[in-house]
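I opened this notebook to record what I looked up in one chain.

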Amino acid sequence: MAIISSKKQSPQPERPDDDIFLASEKKTRYKTKKSKSQTETAEVEALLEAEATTEEKSGNQNEEKIRPQRLDEYIGQKDLKEVLNIAISAAKSRKESLDHLLLYGPPGLGKTTMSLILAAEMEVNCKITTAPAIEKPRDIVGLLVGLQKGDILFIDEIHRLSKMTEEILYPAMEDFRLDITVGQGKTSKTRSIPLKPFTLVGATTRVGSLTSPLRDRFGLIQRLRFYEVDELSLIIIRAAKLLNTDITEDGAEEVARRSRGTPRIANRLLRRVRDYSEVKKLTPINAEVAGEALELFNVDPLGLDWTDRNLLRTMIENYNGGPAGLETMAAATGEDAQTIEEVYEPYLMQIGFMQRTPRGRVVTSAGWRHLGFSPPDEQLSLKL
Ligand SMILES: Nc1ncnc2c1ncn2[C@@H]1O[C@H](COP(=O)(O)OP(=O)(O)OP(=O)(O)O)[C@@H](O)[C@H]1O
Ligand SMILES: [Mg+2]
């Protein structure tokens with residue numbers, strides 16, 4: 001995931017006497033000096049530069065090559081595309097910026113991709129950052145004042161914004177304005193600085209963790225859902241073409257079935273299968289080659305990997321299939337609780353292998369059977 005640390009990339013030491021403070025920051029202020037504002041401009045520039053060099057842009061080139069650039073290349077998510085198509089046409093015809101958009105859903109379903117596509121469709125810039133990188137008020141201020149009319153500011157993991165940053169965003173989102181406190185103590189004044197109209201695109205895997213004032217300021221709130229096998233097959237066929245890899249339709253379907261409904265995983269598995277077929281000189285990639293390769297990488301026919309199976313097995317063997325609490329599962333498997341909740345559980349629930357109950361997580365009969373155990377209800381009927 002793209003983590004752009006504004007801290008890392010703007011190495012100026014922290015100054016105790018910042019020239020501008022925000023109303024929400026409730027701090028005192030020192031006199032403005034010319035030299036300081038120059039330093040500040042440099043800092044803002046450094047931060048904006050930091051935003052321009054994203055991992056997505058400079059990182060894995062293959063990943064970049066296969067990332068869809070326009071809305072018609074974005075496969076699946078029919079409802080989302082329809083909603084956004086309307087929003088784009090309406091905003092364009094009114095010559096306005098797009099409404100603020102909140103995208104939520106499990107990792108790798110195409111949130112960052114969609115944000116870049118929106119910018120391309122609206123013919124504006126997209127600045128990408130992530131909430132943990134916005135540490136100080138001046139980070140978000142720098143970003144906001146640097147936006148041109150209609151630009152998109154993409155904030156990943158938006159549920160992790162600090163309270164102070166959120167408060168700066170409220171008037172910025174609502175009225176395109178920054179509220180800044182100038183002066184010290186009794187003489188301090190709040191000044192409003194107008195911003196150019198912009199679009200905030202927030203992405204999160206945990207929509208429930210967003211504060212309601214922030215959530216309410218998004219005009220569009222859209223969930224990304226897991227992809228169907230036929231959609232993933234199309235994504236794989238498209239990516240294979242871009243990677244100059246020969247794959248048959250059933251080969252693509254075999255990879256798709258094991259991709260946990262997630263394009264990022266589909267692309268990753270495709271690369272593993274491509275390596276295998278090249279080394280073993282087995283081309284084109286058909287269902288058999290794809291199956292063999294993915295067995296080798298421990299990805300089972302439903303896409304479960306070692307960690308998924310370990311989670312299910314531990315719950316079955318140690319807790320008779322549950323209910324077990326998240327922390328208990330984390331302790332028993334050595335996995336991080338948040339990773340279980342955000343990465344593993346959603347798919348296990350989607351395929352009906354796990355359920356959340358008020359008393360904890362439970363492995364379903366299908367889950368027991370998939371791991372080769374007989375579920376407790378069947379054990380009972382066997383005994384009778
Ligand atoms: N609808 C789609 N059609 C084709 N390819 C897609 C689609 N969605 C995502 N991808 C591919 O999957 C990869 C991962 O998508 P992306 O980085 O947008 O996910 P994300 O939702 O932002 O994940 P995270 O929550 O981890 O940041 C992209 O590089 C892209 O190639
Ligand atoms: Mg992303």
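**Entry 1. The chain overall**

I noted first that the model is predicted. I counted 18 helices and ten strands in the chain. The chain has 384 residues, and 49% of them count as buried. I then looked at contacts with a sequence separation of 6 or more: 70% of them come from residues 24 or more positions apart.

**Entry 2. Helices α7 and α8**

I recorded two quantities for each helix pair, since two packed helices are described by the angle between their axes and the distance between the axes. For α7 (residues 137-145) and α8 (residues 163-175) the angle is about 25° and the axes are 9 Å apart. I therefore logged α7 as roughly parallel to α8, the cut-off for that label being under 35 degrees. The crossing of α7 and α8 is right-handed.

Which residues in α7 and α8 meet? From α7 I listed P137, I140 and L144, and from α8 M164, T165, I168, L169 and A172. By class, the contact of α7 with α8 has seven nonpolar residues, one polar and no charged ones.

**Entry 3. Helices α14 and α16**

I looked up α14 (residues 306-319) against α16 (residues 337-350). Their axes come within 11 Å and cross at roughly 80°. That makes α14 roughly perpendicular to α16, as the label covers 65 to 115 degrees. On the α14 side I found T307, D308, L311 and L312, which meet I340, Y344 and L348 of α16. The classes in the contact of α14 with α16 are five nonpolar, one polar and one charged.

**Entry 4. T314, within α14**

T314 lies in helix α14. Is T314 buried or exposed? I logged T314 as buried, because its relative accessible area is 11% and the cut-off is under 20%. Leaving out residues up to four places away in sequence, T314 touches Y319, A332 and T333. The side chain of T314 reaches the backbone oxygen of N310 at 2.6 Å. I also took the C-alpha to C-alpha distance from T314 to M329, which is 7.9 Å across 15 residues of sequence.

**Entry 5. Helix α13 and its ends**

For α13 (residues 287-296) I listed the buried residues: V289, A290, G291, A293 and L294. What do they pack against? The buried residues of α13 pack against α11 (249-257) and α12 (263-279).

At the N-terminal end of α13 I found a cap from N286, with a side-chain oxygen 3.1 Å from the backbone nitrogen of E288. Just after α13, N298 takes a positive phi of about 65°.

**Entry 6. Two buried residues elsewhere**

I checked T245, found in the loop between α10 (229-242) and α11. T245 counts as buried because its relative accessible area is 14%. Apart from residues up to four places away in sequence, T245 touches A240, R274 and I285.

I checked D156 next, found in strand β4 (residues 152-156). D156 is buried, with a relative accessible area of 8%. D156 and G202 are 46 residues apart in sequence, while their C-alpha atoms are 6.0 Å apart in space.

**Entry 7. Backbone exceptions**

I kept a list of exceptions, as most residues other than glycine have a negative phi, and most peptide bonds are trans.

- The peptide bond from T283 to P284 is cis, with omega near -5°; P284 lies in the loop between α12 and α13.
- The bond from G322 to P323 is cis as well, with omega near 5°; P323 sits in the loop between α14 and α15 (326-333).
- N320 lies in the loop between α14 and α15 and has a positive phi, near 50°.
- Q77 has a positive phi of about 50° although it is not a glycine; Q77 is in the loop between α4 (61-66) and α5 (78-94).

I looked up the accessibility of Q77 too: Q77 counts as buried, because its relative accessibility is 3%.

Notes. Residues numbered from 1 in each chain as written. Chains lettered and ligands numbered in written order. Heavy atoms only, no water. Axes fitted to C-alpha atoms, helices over the stretch in contact; angles between N-to-C directions. Helix = DSSP H or I, 4+ residues; strand = E, 2+ residues; numbered from the N terminus. Parallel < 35°, antiparallel > 145°, perpendicular 65-115°, else oblique. Left-handed = near helix turned anticlockwise from the far one by under 90°. Contact = heavy atoms within 4.5 Å. Nonpolar A, V, L, I, M, F, W, Y, C, P; charged D, E, K, R; others polar. Buried < 20%, exposed > 50% of the residue type's maximum accessible area, 1.4 Å probe, protein only. Polar contact = N/O pair within 3.5 Å; in protein donor to acceptor, adjacent residues only side chain to side chain.
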